[in-house]
Every structure is written in structure tokens, then in C-alpha cells.
Amino acid sequence: MKLKLAVFVAAAGLLVTLPAMAHHSFSAEFDGNKPVRLVGKLVKLEWTNPHSYFYIAVADDKGVVSNWGCEGGGPGALSRAGMKKGDLKIGDTIVVDGYLAKDGSHLIDARRVTLPDGRNIYGGSPGDGGPPEGAVTSKK
Amino acid sequence: MTLLQVCQSLYDSAVGTSIRESDLVFDIIESAHVLGISLLAGTVAIVDLRLLGRVLKKDEISDVLTQMLPLTWAGFALMVTSGSLLFWSEASKMYFNPMFRLKLVLLALAGLNPLVFHTTIYRNVAAWDSATPVPARARTAAIISLTLWTAIIVCGRAIAYYH
Amino acid sequence: MHLLLLFQWLATTRLSAAMSDSTWAFAVVEMVHLLGLALLGGTVMVLGLRLLEFRLNRRPAAEVAGDLYPYFLTSLSVLILSGLLLLIDGPLRYYGNAAFWLKMWLLAAATIFSVVLNRAVIHSHRGSSALTTKVAAVTLLLLWLSVGLAGRAIGFL
């Protein structure tokens, strides 16, 4: 049993160091209790696997612009949801509903994108606990 | 050309880009990589368990090793191929990813361990092929192997969490 | 739909909150899930290959199966427990996912089949026909491969 213990202590040690090492970049976790709606101009689009990224410039009430990243599904998931790479151009205004990253960075897990032509692209599935239809939530 | 420049050109290449922007290909390659863990690490685990005297105790160690090794090599081929294609599509991002770098280091160590084993204690395996308990040095190699492969799998998954 | 009510209730539990509040729990559980996958795959593959008389033919199949069975059961338990934790992190996310349900059905089938097969092999005093054994071996491998593939599909839907 000592041998197995050694293995698992080593593995556990590695696992435990992960959160400690993760201080800056552990941003893949999103808070399901913090829905947010962002409206902004597209500054960059990464049509990539395993996740796509929509970078938008969001202006607040005072006109101060901040940059936000919106993480979406990969190209396959987006195509199945009805979106093509050419549907968006840099400078287009889009609405993104999603969940805030837990580490406080300007990153959201995009669950719904509203394109300039009014189409809604849904990232999740119906009833999965994602933002409800037509929900208007506060922007941070 | 610096290593980063090499990675950048891999990333920008037609092959890298098409995998990265693909509808289905990336998913298939990644699935092969994840499921291939069983073929590579799973077969390694069985051999390690034999060295630790836990399974197939009545089988001679050399017999278990020679029978399992082709499976492990097949798994290795699958993992290297799928892993290289995944790397190709994200090369410049992987360059900066600390978990990816750690995974490569651990892979190198995981390759060194059996090399040392085969060129040292395994050379006179005929003397301890059916021994109980298995000699300490062979058991140590098995524990190192299990630990390294556990860490490699953990690191591999952690890559996704470090941007 | 009782199942929907169950999943909605799961989403209200303290365990669900603990999983989703944590920044690292989901990742760690995923890693444990992968480790379970590695070991389970190893045991299933070796048993399947033995039954196909591809590998380790010097020992009786009953002995090979008997040796591997505890490791099969342990890794399966690890996979099920970690899987439950992954599920409870966001039950409704999986409820609507067709690949998740496919995986659950395949998991049930693969588990039942594996238990029955192992009992038959470990306790058989007379061998079954070579053909039956080989069909069973291929079925075993295909079932668990399908579970793995369905699991991957969860992430892509």
C-alpha cells in the first residue's frame, strides 16, 4: 500500500499546486450566478478551436471604453448554431449575454450573441440554466 | 529563426490554420488524443501493476512486457500524431503555456525512465522474472512511471486552463 | 417529468453550489475523471485482447480477468463518482444535452455487460465456444469505446 500511497501523494501534490500556480491565468471558470450583458463593437474575432473569442470594445455611461473578451464554442458548435465566420466584420456592434469569469478579468462565457442583422446565436441548450430569452441584465 | 518564430509560422501555416478553424477535424483529433490515453497510459499502468506484483502474478515479467509493449507503442504513435497536430494548430499559444511546457518535460522524463530500466536492471530479468517480491529497483521504476503518467495527464488537462 | 425535477433539485443542493463556486474544483474533478479513464481503458483493453486470444495467452482467461477485475471496479467507481461531481456542477447544462443521455445509456449497458462477462469468465469451469467469447470481447471493447466517444460529444454539443 505504501507504493500506491506514494503515487497518489505525488499526484495530489501536483494537483494541489495548480490553484496556487494559477493566480493570474486560471480564468476558464465562469460564475453561473453572475449573468451579464455586453454591448460593444467587435475589435477582434478568433474563429478558433477549442473556443472562439469575440473581443469587443464596450463603452460605459460616461463613454469610457473597455475591452472585453467573450469566449464561445468552437467553429463546429457555432456553425451548428447557425453562424458562419463571415457573419461578423470588425466594427460591427454585437450584444453578448454570458457569465463573468470568476477571477474578475474582462472575460465572459458567451451564451448568446445577437448579430447586427438581429439574429440570435445560442451557445447553450434550452433550459440549461443559461440566460433566459430576452433577459436584460446589468452590465459591469 | 527563434523557437517562437518557428511556432508562429506553424500557427500561421495553412495546415495549422485549417485545423484550428475546422468544424470537425479539431474535435476528432482531440477526441483521439483523449481516448488514446487509455491505449498509452492504460497499458503502461498494467505493466507497472505487474512490476508491483498486483496483477498477472503468475506471468513472467518479461512475457507481460513483450506482449504489452506493442500496444503501448501503438498508443504512443497515436498520441504523438494527434498531439503534434493539436500543437501545430496552436503552436504559438502553446509556446507560452506553462502547463504545456511542463507536460513536455514530464514526457521526456517518462521516456527516460523505461530507458534506464531496460538498460540496467531489466538486462538480467531472467534472474527475477518470476520473483516475489519483484526487486526493489523494478518496483521503483513502476512507481516513477505511474507518478509521471499521472502528472502528464493532469498537466495535459491543465493546458486548457492557462491562456 | 420526474427527471427534470430531479435535475432542478440537484442544482439547488449545497454540493452543487460548492462545485460551481470553486475556481478549481471542476478542473481537479475532470483530471481525476481522466485518470479513471486511463485505468479503466487499460483493464478493458487487456481483458478484451485476452478473450480474443491476442495477448497473454499463457494464463487462463479466468485468471487474467480475475486479476484485472478489482482494478476495473475501482476505476469505474472513480469515473462514476467524479462524473457525478461534474454533473452536479451544473445539472441543467447536461439535462438538455443529447450526448450526455446517450453516454448514460451506453454506460449502463457497458457496466452491466462487463459485470456479467467477468462473472462468466472468472467462474466458468467449462469454456464457452470460441466464437461466443470473441463476440463478447469485441462487444466489450466497442461498448466502452462508445461511452468514451459519447463523453467527448458532450463537450461539442
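Chain C carries 11 positive side chains and 6 negative ones, and the centres of these two sets sit 9 Å apart. Keep in mind that this is a predicted model.

**Chain C on its own**

- Chain C is built from seven helices and zero strands, so its pattern along the sequence reads α-α-α-α-α-α-α.
- Its C-alpha trace spans about 55 × 30 × 25 Å along the principal axes.
- Of its 157 residues, 48% count as buried.
- Take the contacts in chain C with a separation of 6 or more: 82% of them come from residues 24 or more positions apart.

**Where chain C meets chain B**

- On the chain C side, 30 residues are in contact with 33 residues of chain B.

**Two salt bridges between C and B**

- Arg152(C) pairs with Glu30(B) in a salt bridge, with the closest N and O atoms 2.6 Å apart.
- Arg152(C) lies in helix H7 (residues 130–156) of chain C, while Glu30(B) lies in helix H3 (residues 25–51) of chain B, so this pair joins two chains.
- Arg152(C) counts as buried because its relative accessibility is 19%, and the cut-off for buried is under 20%.
- Glu63(C) forms a salt bridge with Lys58(B), where the closest N and O atoms are 3.8 Å apart.
- Glu63(C) belongs to helix H4 (residues 61–88) of chain C, and Lys58(B) is in the loop between H3 and helix H4 (61–96) of chain B, so this pair joins two chains too.
- Lys58(B) is exposed, at a relative accessible area of 59%.

**Salt bridges in chain A**

- Lys84(A), Asp87(A), Asp117(A) and Arg119(A) are joined into one network by salt bridges that share partners.
- Lys89(A) and Asp92(A) also meet through their side chains in a salt bridge, at 3.3 Å from N to O.
- Lys89(A) counts as exposed, at 53% relative accessibility, whereas Asp92(A) counts as buried, at 12%.

Technical notes:
Residues are numbered from 1 along each chain as its sequence is written. Chains are lettered from A and ligands numbered from 1 in the order in which they are written. This is a predicted model: local features need pLDDT of at least 70, side-chain atom pairs count only at pLDDT 80 or more; totals for chains, interfaces and linings use all residues. Side-chain values use heavy atoms; hydrogens and water are left out. Helices (H or I, at least four residues) and strands (E, at least two) are DSSP runs, numbered from the N terminus. Buried means under 20% relative accessible area, exposed over 50%, partly exposed in between (1.4 Å probe, protein chains only). Contact means heavy atoms within 4.5 Å. Lys and Arg count as positive and Asp and Glu as negative; His and the chain ends are not counted. The place of a charge is taken as NZ of Lys, CZ of Arg, CG of Asp or CD of Glu. A salt bridge is a side-chain nitrogen of Lys or Arg within 4 Å of a carboxyl oxygen of Asp or Glu.
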